[in-house]
There are 2 protein chains.
Amino acid sequence: MEFRTRTSVYRHWQLTVDGPVATLTMDVDEQGGLVEGYELKLNSYDLGVDIELYDAVQRLRFEHPQVRTVVLTGGKDRVFSAGANIRMLAAATHPSKVNFCKFTNETRNGIEDATANSGQTYLAAINGSASGGGYELALACEHLMLVDDRSSNVSLPELPLLGVLPGTGGLTRIVDKRLVRRDRADYFATKAEGIGGRKAVQWRLVDEVVPRPQWDESVRTRALDLAARSHRPADAAGIELTPLAKERTDDAISYRYVEARLDRTSRAVEITVSAPADGPPAELAALHEQGDAYWPLALGRELDDLILDLRTNELELGTWILRTAGSAERVLAFDDQLVAHQDDDWLVNEIVHYLKRTLKRLDVTSRSLIALIEPGSCFAGSLLELALAADRSFQLAGVFEDGDPDAEPAAISVGSMNLGPLPMGNGLTRLQTRYLGDEAGLKAVAEHVGVPLLADDAEALGLVTFAPDDIDWADEVRITLEERSAFSPDALTGLEANYRFAGPETLETKIFGRLTAWQNWIFNRPNAAGPDGALRRFGTGRRPTFDRKRV
Amino acid sequence: MEFRTRTSVYRHWQLTVDGPVATLTMDVDEQGGLVEGYELKLNSYDLGVDIELYDAVQRLRFEHPQVRTVVLTGGKDRVFSAGANIRMLAAATHPSKVNFCKFTNETRNGIEDATANSGQTYLAAINGSASGGGYELALACEHLMLVDDRSSNVSLPELPLLGVLPGTGGLTRIVDKRLVRRDRADYFATKAEGIGGRKAVQWRLVDEVVPRPQWDESVRTRALDLAARSHRPADAAGIELTPLAKERTDDAISYRYVEARLDRTSRAVEITVSAPADGPPAELAALHEQGDAYWPLALGRELDDLILDLRTNELELGTWILRTAGSAERVLAFDDQLVAHQDDDWLVNEIVHYLKRTLKRLDVTSRSLIALIEPGSCFAGSLLELALAADRSFQLAGVFEDGDPDAEPAAISVGSMNLGPLPMGNGLTRLQTRYLGDEAGLKAVAEHVGVPLLADDAEALGLVTFAPDDIDWADEVRITLEERSAFSPDALTGLEANYRFAGPETLETKIFGRLTAWQNWIFNRPNAAGPDGALRRFGTGRRPTFDRKRV
């Protein structure tokens with residue numbers, strides 16, 4: 001499975017730009033399913049459709065700085081989108097279902113991120129019925145318009161028809177984002193035929209309904225209204241996201257700054273992220289000139305693609321070992337440039353938020369993350385986030401006496417990028433989450449910004465888990481990796497999902513922490529996924545057989 | 001399964017009281033398991049052990065007002081508690097496992113509630129190794145003391161040994177209550193042999209370690225320190241929680257104020273809660289005199305027992321229909337008495353918190369809750385909470401013309417008990433949760449305190465879901481109940497678990513909303529519960545076989 005694509009080869013979406021308003025039209029090719037066995041009727045989608053949507057959302061931010069409103073609409077008659085394809089879901093393995101939902105959730109969160117942080121507000125122009133995942137996609141938009149024609153409506157029919165939950169944030173967004181009263185939300189989620197017209201507005205399920213004759217004009221007006229609120233530059237030139245150079249063999253995935261070695265024997269991936277060979281360009285104009293070759297953006301794209309590739313294609317490689325290599329000073333110099341210009345340069349702002357989203361992807365990845373901080377590494381600033389995202393980190397005290405006794409000992413550095421610009425899904429930085437309830441500890445760390453910290457100091461400050469010396473290093477690391485590889489993969493997923501979301505809760509943490517867990521449980525139950533379960537029997541004309549016991 | 005017990009018949013716990021300090025000693029009878037097939041070695045527990053613990057925690061609050069510190073300790077040599085019995089868990093059905101974890105979680109939350117709201121602070125005197133659920137029990141205490149003898153320690157060995165999660169709040173309490181750094185928490189939860197001594201203190205796993213020679217004296221001193229902080233009255237007389245009168249047949253459960261009719265055909269339970277026959281006693285002394293016959297307390301005990309009974313014994317009765325009968329004025333009069341004296345009378349305070357906990361039990365019950373508000377009902381104040389806890393409520397507009405055309409139409413009343421004393425697990429009242437983000441709506445409701453609201457007004461204010469009239473009532477209710485009974489029980493559980501926890505998150509909502517969902521998923525996976533899974537293979541000398549795919 002490959003996540004790289006580009007606008008010119010989309011099969012399911014049309015992207016048109018007209019001044020400040022872009023229109024993203026979902027027009028799914030029925031015969032364009034990723035695998036055999038189902039037709040993508042009624043604008044239903046599979047992972048392939050969502051990979052294109054993700055690509056479009058990304059390109060809108062980087063390639064179209066003038067776009068301030070994105071109208072998301074359907075290209076079919078009478079149907080906006082029927083949601084995830086049921087036959088695809090019914091036939092999918094449990095890991096595929098879960099992975100599919102995770103990615104679609106991330107894309108919908110990305111739509112909200114564009115609205116909140118990029119000045120690109122998404123407007124759902126629901127020009128037909130939006131059911132299940134189709135309505136959930138609309139729910140990720142800031143403003144929902146529904147055509148008022150007596151047949152179009154919105155619905156979440158998963159529970160009554162399929163015996164599962166709406167899997168991409170619908171339940172959470174209904175009650176926590178749109179603040180629909182929970183008893184109405186309950187009724188709505190059991191009413192397969194949906195709700196339209198004025199009642200959909202009264203219940204806050206959409207923001208407005210518009211009769212068909214006024215539809216196009218109303219959508220256009222609303223889109224321009226929303227555009228007027230944006231502070232995006234009107235005259236900036238976008239940068240092109242060029243095809244990502246990637247080499248993939250059975251045991252390695254290589255990009256320019258990111259390398260992954262797949263070790264099937266130990267069921268681990270060794271990932272090394274490299275600092276740039278040169279410092280940042282002195283001028284912003286040169287930064288724009290570099291475009292997607294600018295190190296932080298290049299790195300973000302590579303890491304993003306690697307995470308998606310490994311998550312989808314390498315299910316049995318349960319531990320990701322994170323290393324860095326190169327000059328910490330250079331990393332911090334790029335970071336400082338990003339922090340200095342996030343507020344006054346649209347591209348810098350996009351790059352910072354992209355790094356943020358990529359690191360968030362790591363947080364919700366169901367793999368054990370182990371950071372190894374060794375001589376020659378550059379866990380500084382934005383790259384230190386990799387160690388802070390890890391479940392455990394080891395920093396070598398001293399050097400490898402048998403390897404390179406004259407090396408500089410490994411150091412880590414806290415930088416400005418660790419203090420705000422890269423929050424987790426819980427709304428806190430990884431440092432704030434790490435020092436939850438420990439104000440003094442957090443303050444002590446903030447006082448060491450820019451100071452290279454050797455292992456003992458980093459451990460004393462609480463920034464790394466363990467700081468073994470050369471004598472203990474190999475054994476400690478080996479035992480951790482061997483243990484990790486021997487544990488129940490399911491229990492590790494549950495453990496990590498609970499620990500990584502400490503502190504406050506947000507829409508995002510609720511979606512990934514709770515909604516996803518319940519959905520995974522349901523996906524694993526015979527009542528949904530068994531041969532007589534609702535998901536498998538849908539469309540066969542035979543009713544599901546349920547074990548009636550409530551759990 | 002029966003939840004009623006009393007101190008004199010405990011098999012597993014000893015409760016002794018010495019002035020302001022009670023000692024609750026866990027000394028599990030190996031042969032005292034609830035069902036055949038396992039021995040409760042090493043102070044491991046099953047539901048029967050926990051039923052006694054719950055009873056003791058309740059009795060301490062009501063029968064022992066002078067107790068200000070409860071020392072929770074072990075009665076065995078070298079072991080505090082080994083946690084939930086593994087053979088019991090391995091043999092249990094999926095619903096039994098989940099139900100067992102829910103009840104144990106509620107009891108541990110009750111321990112925290114006693115510490116926070118009752119002036120009875122729990123001190124864990126860990127006089128031996130505390131593993132898994134044994135340590136989780138200690139984590140529910142306010143202050144954790146561990147004996148420092150080189151062998152005693154605390155551990156969460158579930159993941160490495162059993163391939164499941166610590167199921168009673170351990171992961172959440174570690175990172176969100178005790179604020180253990182997540183990488184340390186990760187290490188701890190994979191280290192089956194546990195952590196003791198000074199490191200356990202440094203990592204915040206316990207509050208202090210004490211050598212054996214100083215143990216008894218130190219525990220005593222600390223217990224008295226904690227007692228000194230409490231405002232419980234020194235000279236009050238407790239009230240006895242007398243045996244609950246209960247009649248149970250195959251199709252009905254009856255108490256004095258609570259009736260349940262079990263309808264196995266429609267898979268529903270019709271529950272009717274009755275108002276008292278008389279008003280509240282005029283004086284507090286008379287209230288104390290009434291003891292557990294005082295209506296709000298009697299009602300709380302009956303409802304509590306009914307919820308536990310139905311949850312455990314009637315898995316296929318998936319819908320609970322909630323009705324009330326009697327005088328709303330009398331309900332409100334009792335409520336007003338409770339609110340007026342919660343701050344100055346320890347017993348009133350206990351009763352209010354008990355009602356709160358009982359209603360919270362309803363919130364986490366995996367059954368659909370439908371409130372029917374009909375003529376003759378008294379959904380007022382504390383009883384209105386039943387309708388607010390429901391997934392949907394129906395209030396009849398007018399009367400049943402064919403039944404009793406001269407009846408007073410059904411009315412509901414908001415009272416002082418709806419405005420604060422009975423918060424949900426998310427820390428908000430049910431009204432605040434209902435009107436999340438709708439300050440105006442909440443204010444409008446608060447302006448109607450004490451006003452009987454007929455169906456149309458209640459619906460307009462947003463207090464009930466639907467207000468059908470006589471003509472539509474029967475059909476609307478019937479369709480709802482039939483639908484509910486036809487839907488996938490698992491999907492309903494997931495739906496309700498997500499909707500009922502809108503708004504802010506707390507330790508409690510994280511435990512029931514997220515931790516529980518992940519644990520349920522893991523419990524349902526072959527890697528844990530299958531014939532070759534870790535839970536089933538534990539103790540056999542054979543290693544589990546895992547599907548290595550990460551989900």
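**Exercise 1.** In which helix of chain A does A:Asp176 lie, and which residues does A:Asp176 touch, not counting residues up to four places away in sequence?

*Solution.* The model is predicted, so that local features need pLDDT of at least 70 and side-chain atom pairs count only at pLDDT 80 or more, while totals for chains, interfaces and linings use all residues. Residues are numbered from 1 along each chain as its sequence is written, chains are lettered from A in the order in which they are written, and side-chain values use heavy atoms, with hydrogens and water left out.

Step one: A:Asp176 lies in helix H6, residues 170-177, a helix being a DSSP run (H or I) of at least four residues. Step two: with contact meaning heavy atoms within 4.5 Å, A:Asp176 touches A:Leu507, A:Lys510, B:Leu436, B:Ala502 and B:Gly503, not counting residues up to four places away in sequence.

**Exercise 2.** Find the cysteine sulfur nearest to that of A:Cys101, and state whether A:Cys101 is buried or exposed.

*Solution.* A disulfide is a pair of cysteine sulfur atoms within 2.5 Å, and the structure holds zero of them over all chains. For A:Cys101, the nearest cysteine sulfur is that of A:Cys141, 18 Å away. A:Cys101 has a relative accessible area of 10% and is buried, where buried means under 20% and exposed over 50%, with partly exposed in between (1.4 Å probe, protein chains only).

In chain B, the sulfur nearest to B:Cys141 is that of B:Cys101, also at 18 Å, and B:Cys141 is in no disulfide. B:Cys141 counts as buried, at 1% relative accessibility.

Methods. Helices (H or I, at least four residues) and strands (E, at least two) are DSSP runs, numbered from the N terminus.
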